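Hi everyone, thanks for coming along. I'd like to walk you through one structure today, so let me put it up on the screen.

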Amino acid sequence: MNPEVKKPIFSSYINNPALFDEVFNTDGSAKNVYQTLLDLYGNHSIQDYVQLNNKAKSSFFNQGITFQVYDNKETQEKIFPFDLFPRIIDEDEWEIIERGAIQRSRALNLFLWDIYHDKKIIKDGIVPLDLISSSANYLHQMIGVDPPGGIYNHISGTDIIKHSDGNYYVLEDNIRCPSGVSYVICNRTALKRALFGVFNHYKTHSVTNYAENLLDILESVKPKGVDVPNCVVITPGMYNSAFYEHSYLAKAMGVELVEGRDLFVENDFVYMKTIRGPIKVDVIYRRVDDQYLDPLEFRADSSLGVPGLFAAYIKGNVCLANAPGTGVADDKAIYTYMPEIIKYYLDETPILNNVHTYHCSRPNELKYVLEHIHELVVKPVDEAGGYGISIGNRLSKAEIKVVQEEIKQNPRKYIAQPIMSLSVHPTYIDDSESFEQRHVDLRTFTLLGNNKEFVLKGGLSRVALKKGNLIVNSSQGGGSKDTWVLKK
Amino acid sequence: MLARVANNLFWMGRYIERAEHVARYLNVNYFSSLDAPNELSQSRQFVLQSMMFLVGEPLDDDSTILKEEDILFNIGLNASVPYSIINNVKHARENANSARDLISTELYESINKFYHFVINYSIEDFTKKGLYDFTVNITEMTAILRGKIRGTLLHDEVYAIIMLGINLERATQVIRIINAKFNDAVKAKGSYGDKISHSFEWTTLLKCVESYDMMRRYYKKTPSSISTLEFLILNPDCPRSVINSINQVHKHIKVLDESKSPDKNSTAFLISKVKGEYEFKFAEEIEEDIQGFIEKILNSLVQISLKMENEFFNY
Amino acid sequence: MSFEYSVTYYAENNYENPVENAYWQFLIVPENNDTQELISVEIKNSLEAKSGFSQNGFGFQTIRINTSERFQKINFSATFKLKKISFNPFGQIPIFDIPSNYELVKSLNFKVDHEPYLRETKYTALPAGSENLFVFDTSISIFDNLQKLNKWVYLFIHFNTGVTHVNTLLEEIINNPEGVCQDFTHLFCALSKKNNIPTRYVSGYLHQGNGYFGDSQMHAWAEAYIPQVGWIGFDPTNNLLVNDNHIKVAHGKDYNDCSPLKGVVYSQGANKTSHFVEVQAEQ
């Protein structure tokens, strides 16, 4: 190929004015924080970029940062698609996100304490009783249990989007076993290897301090009477899709990565089996779901758990992070009460917006929903995994009628939210060998300990690689970007 | 260290070492047979039979005609036969995966590259024209792995356990290779009238364990049965010799068992006992009953491995 | 006045294939409460495996046994000696303020405080159409209604062993009203909860000297929360209020929270468990 005809990197970028582009203004000029980056990337041709991109891919592959795909014959290893054009969040915007994420984590922790103790928020009529009594994730075994340090959600992952109005909105709080933090660190490593030059021009916060902070948090919730706690990470095993992350975290914290079969319980204390005999375990960062933790207490068919672990936990001899039973607070229905929950426990207004939610159980809101279905997303409150969701602007007139009827039949079953439009970010697309607009969200990671808290300055920007797609999950073909938080 | 993870590291070491020996055996036997001094040693069937003998599937009937492509595929890249190189590499990597938090990133990346090299190797290329390329790459990559093990891991328990696996496997494989080549030498004897003690197969044997050059430097003579056995079994300075491997095992078990006078039921005690036994052997003694010797030492190595599992890897 | 009882629980587990490693948890130890006092516990098993005490997620004492020896069969027995304090179940019943009691059970605070025992569970879910099988008469007290319900369940189900099993749902019982104490108790709990009364499943032992139904197995009955009084035990299998002959082990939302034996066994193939119980009064 003649080098003279190499195309500049953004030469064929199409900026759709209907979408909120985080990099380019509608007139084609770049937003301030991105100008330097664009100048630097401008030195590369698209061909150079393809080469860099391939190198970065093989670096992921060789490090074994992969997930398994099963087709009919054999398992294949794939890397998570990764985009070399980073997302930048400036210091002022980040400050809002950080304060907002901590606020939500604290409020959720107080909420969890309350619903497993006095349940004041329900008695005061703020949150309906149904939300816990109909929740399969509300564990009666946790009623009256005081987790060490009073902490339930040690690790939270908050999914945030930037809407077309330029504001951040929270879509979801994940406080079971949120994953993805290892990719934040890998993305940074890959970007540094491929394009180290650009880092000289920006003052970006490091992301490698996550593990040390996680260890601090885990140590801060040690059981009573323990001097230097022995912390471990428990994984379902190497065939789990997040195994890379489990091993990364154990290694980065310098603690053992255990499976259920490596642990046993005696006299309500937990031990791990080592080459030099049993060693007591004090804090467990568990990446195994509640129902699999202890076959004597929960699912008896679980081979991932440790018989007797739960009794050791409620006796206060071991700490589990996150606490069992936190799942009740990341149900979709609880999300809609987050502004009220924040106000109730902290007496603060929410720093990050919740997507406004209309409860069809309330007559005046029902009226609004029925009249505005074409501009709303209607969701059943009790279904998970995206079932039964109607997106108003994609429905025909006849379909709208059907939805209206269903809601009228059973208004308690439905909530509705405005259709959110995720911002877009220039993303390299293999098929067209060019940059195109793709929707992104941001998962932040917040840690809560005994008098300690931490938000990772960065996060996982997930990209929906299919054109027009709003779903960024990796299971749906999503990729990710390195995310830079700038220093003041 | 977790007992389960220790077990995985031990086997990671064993599988890496095993893949290397099988690969080199294929390479050396195949290519040295091409211009071997006698007809039988040149025969394709003879070489293929020898390969099957090494992997523990000796033929009952020498008149069975083996198909070269099938044999190479089975030993090299057939994932459904347990002794194949590809299976050894898969197991090595699987064991590394589960101990990923304990080994260095550098070592893991090398194992991972090794794995991808093997599973992506075209079967057609391998059986038709890639035997040399494939086996040389395997032996070179395992050399890199040994370098990473020595150079990027703290020389602590993790290192000791991997080295125990590597050295026990090395001793085992060297004995198995001696056994296979001794078997070949016996068969080749009648065909060209030479005595078994000066068989061409001794040279091949030395090359199979990368010890031919060392041996020539040490004895400055064409290898005979006695000098070869002496060198590969009893010479402590030869890094591939059985006694050298046992000495290594002895050294590394001390990291796990620090007691000065180990309990008589311990692994450390058994290893010392086996070591003592071979330190004062001489080659003529072995040559008298080479079959008996091979069975005995293989049994000792199995006993050491079993004892180790019970004492340290019990989970 | 008090009685002394000796309760023995036997279990035998047979496994089709050898077991390498096993854990069992027994929820069979009589609890200490106002009416009963545990004096001694003696545990034996044929493998001489390690045993110890722990507790389940609801705070009831358990016996844990663990073995990593190979076996195909284990026998287990536990003998409890306890003192039962004699009481008259009617003795604690006051004069009820009927309207305010019904008012109370409908209040939010009451529902929140008793949420676990008002929640519908797998074994206390009523099939569609049968929610109103027993509706309280609000002109009489909750206690009187529960006594009527106790009798109603007693008459509705025909006591018969071998028809139902531990996983039987109420749908089956309503279609074919035959069963054992567990089924009586589940139906009682379900209908009581439908009438806003917090009700829990109780497992324990019954001294059968008086010819009660109990089938030499562990027994089950219900406890309902009655305003002004607290938790009162009803035994619908025998149409009785719980008395000196009932020895309580544990309570929960339904059988699932009280199952006497849970095991985690690392083996393949089928297994067979049999257990039986002996209760003797020692005056």
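How many helices and strands make up the secondary structure of chain C? The count comes to six helices and 15 strands. Before going further, please keep in mind that this is a predicted model.

Let's stay with chain C for a moment. If you draw a box along the principal axes, the C-alpha atoms of chain C fill roughly 65 × 45 × 35 Å. Of the 283 residues in this chain, 52% count as buried. Now look at the contacts in chain C between residues at least 6 apart in sequence: 76% of them join residues at least 24 apart.

Next, the cysteines. How many disulfides does a search of the whole structure find? Zero, over all chains. Take C181(C): the nearest cysteine sulfur belongs to C258(C) and is 12 Å away, while a disulfide needs the two sulfurs within 2.5 Å. C258(C) is in no disulfide either, and the nearest cysteine sulfur to it, from C189(C), is 9.4 Å away. Are these two cysteines buried or exposed? C181(C) has 10% relative accessibility and C258(C) has 1%; the cut-off for buried is under 20%, so both count as buried.

Now let's turn to chain A. Here we have 13 helices and 22 strands. The radius of gyration of chain A is 24 Å, close to the 23 Å from the globule rule for 488 residues, so this chain too is as compact as a globular protein of its length. Its C-alpha trace spans about 75 × 65 × 50 Å along the principal axes.

Inside chain A, 57% of the 488 residues count as buried. For contacts with a separation of 6 or more, residues 24 or more positions apart account for 69%. As for charge, chain A carries 52 positive and 61 negative side chains, with the centres of the two sets 1 Å apart.

Definitions and conventions. Residues numbered from 1 in each chain as written. Chains lettered and ligands numbered in written order. Predicted model: local features only at pLDDT ≥ 70, side-chain atom pairs only at ≥ 80, totals over all residues. Heavy atoms only, no water. Helix = DSSP H or I, 4+ residues; strand = E, 2+ residues; numbered from the N terminus. Rg over C-alpha atoms; globule rule 2.2 N^0.38 Å. Buried < 20%, exposed > 50% of the residue type's maximum accessible area, 1.4 Å probe, protein only. Contact = heavy atoms within 4.5 Å. Lys, Arg positive; Asp, Glu negative; His and termini not counted. Charge placed at Lys NZ, Arg CZ, Asp CG, Glu CD.
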